[in-house]
Amino acid sequence: MSDSTAQTAATAAAPGRIDTSKPHSARFWNYFVGGKDNYEVDREIGEQIKEIFPGLVDVAVTSRHFLGRAVRHLAGEVGIRQFLDVGTGLPTADNTHEVAQRVAPDARIVYVDNDPVVLTHAHALLTSTPEGRTAYLEATLYDPEAVLKAAAGTLDLSRPVALMILNTLGHVADYEQGRDLVRRLMAGLPSGSHLVISDSTATSEGMIAASNAYNASGAVPYYVRRVEEIGGFFDGLDLVEPGIVQVTKWRPNPEDPANFAAAVDAYCGVGRKP
Ligand SMILES: C[S@@+](CC[C@H](N)C(=O)[O-])C[C@H]1O[C@@H](n2cnc3c(N)ncnc32)[C@H](O)[C@@H]1O
């Protein structure tokens with residue numbers, strides 16, 4: 001089955017599985033980054049949380065800017081040509097394949113998410129350059145070996161891959177389980193592969209209050225972590241400079257929009273598998 005066929009077949013099956021009675025992180029995040037692919041229930045909790053902690057909007061927006069800078073760095077300076085983006089979220093401006101293929105038109109990208117709403121919008125993620133390739137997998141982070149097996153239909157897993165897990169690991173309640181899932185995904189990738197993570201951190205009262213409000217809304221909970229825990233996902237890897245930092249401080253460059261807060265409750269890192 002070609003990538004586009006796989007996506008079309010899955011899309012037809014998706015709508016009945018969409019729960020519009022509870023907020024969902026992909027749609028809630030889409031609302032925060034200014035998208036339109038969200039429901040009333042997502043906007044309601046979004047507005048409540050903006051009142052509790054407006055800084056979460058900065059986290060969502062600046063984390064996407066970090067994604068752009070990390071992918072440009074990896075596709076450009078490092079020469080990575082394959083990306084595995086787990087917990088993709090809803091398509092927005094500058095998705096991973098668009099950023100990567102602007103630098104390297106032959107780049108291949110596999111998107112992975114388990115949310116049926118993301119699946120229904122996946123066509124916007126499959127707009128590859130002719131030289132490159134994109135694919136969308138409906139799969140779960142909780143089964144890393146199955147993700148790797150399916151990704152191997154598009155990516156050559158004997159060559160370096162950048163594994164991207166942005167603002168998604170907070171869904172895994174148990175930190176050690178989260179570390180294990182990341183370790184198992186990286187175990188299937190060769191030396192020279194990279195891990196890219198960003199996530200919200202419990203670094204302010206406001207962020208902790210926002211997290212509590214979100215988790216009380218009926219949505220699948222999202223746990224904000226300590227900065228040291230973000231670093232712990234990179235054990236065994238060589239951290240790329242500047243290490244684990246706020247998402248706004250990871251290799252900032254003049255091309256980034258200037259209108260964001262310099263300090264945010266979200267940390268990130270990029271690590272290389274030796
Ligand atoms: C807050 S969004 C982040 C989206 C995007 N990575 C970003 O940073 O803008 C979290 C995403 O993780 C996805 N997700 C949650 N649990 C997942 C799982 N077990 N497997 C794959 N994706 C999952 C959600 O559907 C959602 O799209």
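This note covers the ligand site and the pocket around it.

1. The model is predicted: local features need pLDDT of at least 70, side-chain atom pairs count only at pLDDT 80 or more, and totals for chains, interfaces and linings use all residues. Residues are numbered from 1 along each chain as its sequence is written, and side-chain values use heavy atoms, leaving out hydrogens and water.

2. The ligand is surrounded by 20 residues (a heavy atom within 4 Å). Gly87, Asp113, Leu141, Leu166 and Asn167 are the closest. By class, the shell holds seven nonpolar, 10 polar and three charged residues (Gly counts as polar; Asp, Glu, Lys and Arg as charged).

3. A polar backbone atom of glycine 87 is 2.6 Å from a ligand nitrogen. A backbone N or O atom of glycine 89 lies 3.3 Å from a ligand oxygen. Asparagine 167 places a polar side-chain atom 3.0 Å from an oxygen of the ligand. The protein covers 95% of the 600 Å² of accessible area that the ligand has on its own (Shrake-Rupley, 1.4 Å probe).

4. The ligand sits in the largest pocket (more than half of its atoms within 2 Å of the grid points). A pocket is an open set of points on a 1 Å grid over the protein atoms alone, where a 1.4 Å probe fits, with protein on both sides within 12 Å along at least five of seven lines; lining residues have an atom within 4 Å of a point.

5. About 940 Å³ of space lies in this pocket. Its lining has 50 residues: 25 nonpolar, 16 polar and nine charged. His24, Ser25, Ala26, Asn167 and His171 lie nearest the centre.

6. Helix 2 (residues 25-32) gives the most to the ligand shell, with three residues (helices are DSSP runs of H or I, at least four residues). Helix 2 also gives the most to the pocket lining, with six.

Definitions and conventions:
A polar contact is a pair of N or O atoms within 3.5 Å; within protein, one must be able to donate a hydrogen and the other to accept it, and residues adjacent in sequence count only if both atoms are side-chain atoms. Helices (H or I, at least four residues) and strands (E, at least two) are DSSP runs, numbered from the N terminus. Grid points are joined across faces, edges and corners, and a volume is the space filled by probe spheres set on the points.
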